[in-house]
Amino acid sequence: MKRPRMLIAMPLAQTTMERLAEGGDVTVIDPGEVGEDAFQNALASHDGVLCSAMQGIPDGCLERASKRLRVVSNFGVGYDNVNVALATKCGVRVCNTPGILSDAVAELVMLLVLALARRLDDASAFVRGGHWGTASFPLAHDISGKTLGLIGFGRIGRAVADRALAFNMRVMASDLRDIAEGPWEQVPLETLLAEADFVSVHVNLSQATRGLIGEETLGRMKRSAYLVNTSRGPVVDTTALRQALASGAIAGAALDVTDPEPPAPDDSLLSMPQVIITPHVGTGTVETREKMGDMAATNLIESLAGRRPPAVVNQVDLQLAGDA
Ligand code: 8YV
């Protein structure tokens, strides 16, 4: 069988690169450096690509590339960067890296919840600004006894719930599917918004969830509540969020993802003291990124070798050339 050509658009561990090289001919590309056009042209001359889950693959590009391209192996759990229905139609398998990154994202969520409650940014800036003293720094809030509302209760939402329960929080979740029974309550979204002290978003970005957190949703939250978003920026309507924060409709927000990414330098969110923004680093740990690279590589190698890889997104079981 001809050796497959693989396009690798993420930096990976040496051992992972060696494994890929055993499975086929590897081209390394940095889309940020070569530009989108060069990346998209390169796709058409490869059998598979391993790229960031944030690397957009427009429909036209996918259609053109699908004369040869068989696999898009995402480095990440999200797959809103590619039209999966179209990929399926074009015979392109889409893979992702679920599960292994849930702990890392859940840890960041807890960090953000705690940072909002305890005013970590302000406290740090206070000391750096030459101040000190328990009496002069404004009091913060406990998270113990508070309610965490999880919008979306997949693997990551569940991992957040486990941690929040250990912090003695009450956990409620809203999800379209029935969720497993446990020490949490499944509630309608309206109840969650009305009762949660912290609302954390854990849904995929899709047509159904784009702008899910908008003027109406934010208006239903308590004025004392905080929003945490580590999912995808466009799930939150940024204009409505700016407005809700500026008017005091909610108390604050922590965003690991924004719309657009990165935010414009003059975005008012960047100068609001009640807002924490981190640069899309939910999975950004050495351990987790290594596991993601490994899994994304396995997804690519196995697919191109005609075997079933660990994580496929397409609903339809595509038979790739050579599939057993
Ligand atoms: C990554 C992600 O930050 O898993 C996802 O869906 O968005 C992230 O893990 C991204 O793919 C790395 O570029």
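Reply: Begin with the cut-off: a residue is near a molecule if one of its heavy atoms lies within 4 Å of it. This is a predicted model, in which local features need pLDDT of at least 70, side-chain atom pairs count only at pLDDT 80 or more, and totals for chains, interfaces and linings use all residues. Residues are numbered from 1 along each chain as its sequence is written, and side-chain values use heavy atoms, leaving out hydrogens and water.

Me: Which residues are around the ligand?

Reply: Ser-52, Ala-53, Phe-75, Gly-76, Val-77, Gly-78, Leu-101, Arg-232, His-280, Thr-283, Arg-289 and Met-292.

Me: Which atoms lie 2.7 Å, 3.1 Å and 2.9 Å from an oxygen atom of the ligand?

Reply: A polar contact is a pair of N or O atoms within 3.5 Å. At 2.7 Å from a ligand oxygen is a polar side-chain atom of Ser-52; at 3.1 Å, a backbone N or O atom of Ala-53; at 2.9 Å, a polar side-chain atom of His-280. The protein buries 90% of the 330 Å² that the ligand exposes when taken alone, by the Shrake-Rupley method with a 1.4 Å probe.

Me: How many aromatic pairs does the structure hold?

Reply: Rings of Phe, Tyr and Trp (its six-membered ring) pair if their centres lie within 6.5 Å; planes under 30 degrees apart count as stacked, over 60 as edge-to-face and the rest as tilted. The structure holds three such pairs. One of them, Phe-198 with Tyr-226, is stacked, at 5.4 Å centre to centre and 15 degrees between the planes.

Key. A polar contact is a pair of N or O atoms within 3.5 Å; within protein, one must be able to donate a hydrogen and the other to accept it, and residues adjacent in sequence count only if both atoms are side-chain atoms.
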